[in-house]
Amino acid sequence: MKKKKPYQLIKRSVSLDGHRTSVALEQLFWDEVDLLAKTDRLSVSGWISHIDRQRPADQSLASALRVKVLTSLKEQSGH
């Protein structure tokens with residue numbers, strides 16, 4: 001199997017509060033989403049649902065996820 005490039009957009013289907021949707025993020029972001037969900041002891045869908053409920057109406061879900069990942073990484077690094 002060919003290794004995915006870190007900047008390659010990967011579309012995943014998730015269930016958000018009982019509704020199926022798909023989200024496209026770069027592999028690097030999916031790696032962090034997977035890790036953050038595991039750290040919070042949530043399924044990926046559960047973790048994404050939490051972010052979805054908190055995001056402003058004018059922000060896309062993909063953008064909200066990228067911002068959350070970046071914010072978490074900055075907090076971990078002390079910035």
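The model is a prediction, in which local features need pLDDT of at least 70 and side-chain atom pairs count only at pLDDT 80 or more, while totals for chains, interfaces and linings use all residues. Residues are numbered from 1 along each chain as its sequence is written, and side-chain values use heavy atoms, with hydrogens and water left out.

Secondary-structure elements are DSSP runs numbered from the N terminus, with helices (H or I) of at least four residues and strands (E) of at least two. Helix α2, residues 44–54, packs with helix α3, residues 61–77, at an angle of about 105°, and their axes are 10 Å apart; here axes are lines fitted to C-alpha atoms, for helices over the stretch in contact, and angles run from 0 to 180 degrees between N-to-C directions. The helices α2 and α3 are therefore roughly perpendicular to each other, where angles under 35 degrees count as roughly parallel, over 145 as roughly antiparallel, 65 to 115 as roughly perpendicular and the rest as oblique. On the α2 side W47, I48, I51 and D52 take part, and these residues meet L61, A64, L65 and K68 of α3, contact being defined by heavy atoms within 4.5 Å. By class, this contact of α2 with α3 comprises six nonpolar, no polar and two charged residues, with Ala, Val, Leu, Ile, Met, Phe, Trp, Tyr, Cys and Pro counted as nonpolar, Asp, Glu, Lys and Arg as charged, and the others, Gly among them, as polar.

Helix α2 also packs with α1, at an angle of about 95° and with the axes 9 Å apart, so that α1 and α2 are likewise roughly perpendicular to each other. The contact is formed by W30, V33, D34, L36 and A37 from α1 together with V44, W47 and I48 from α2, and its composition by class is seven nonpolar, no polar and one charged residues. Within α2, the residues W47, I48, S49, I51 and D52 are buried, a term that denotes under 20% relative accessible area, with exposed meaning over 50% and partly exposed in between (1.4 Å probe, protein chains only). The elements that cover the buried residues of α2 include β1, α1 and α3. When neighbours within four places in sequence are left aside, W47 is in contact with V33, L36, A37, D40, L42, L65 and K68.

A nonpolar core is taken as a set of buried Ala, Val, Leu, Ile, Met, Phe, Trp, Tyr and Cys residues joined through side-chain atoms within 4.5 Å. The largest such core has 17 residues, of which V23, L25, W30, V33, W47, I48 and L65 touch the most other members. Two or more residues of this core are given by each of β1, β2, α1, α2 and α3, and the largest share, five residues, comes from α3.

The structure holds four salt bridges, each being a side-chain nitrogen of Lys or Arg within 4 Å of a carboxyl oxygen of Asp or Glu. One of them joins R12 and D34, whose closest N and O atoms are 2.9 Å apart; because R12 lies in strand β1 and D34 in helix α1, the pair ties together parts that are 22 residues apart in sequence. R12 is partly exposed at 25% relative accessibility, and D34 is partly exposed with a relative accessible area of 28%. In another salt bridge the side chains of R66 and E26 meet at 3.0 Å, N to O, and since R66 lies in helix α3 and E26 in strand β2, this pair ties together parts that are 40 residues apart in sequence. The side chains of D52 and R55 also meet in a salt bridge, with an N to O distance of 2.7 Å, and R55 is partly exposed at a relative accessible area of 27%.

With regard to backbone geometry, most residues other than glycine have a negative phi. D17, although not a glycine, has a positive phi of about 50° and is placed in the loop between β1 (9–16) and β2 (19–26). R41, also not a glycine, has a positive phi of about 60°; R41 is located in the loop between α1 (27–39) and α2 and is exposed, with a relative accessible area of 79%.
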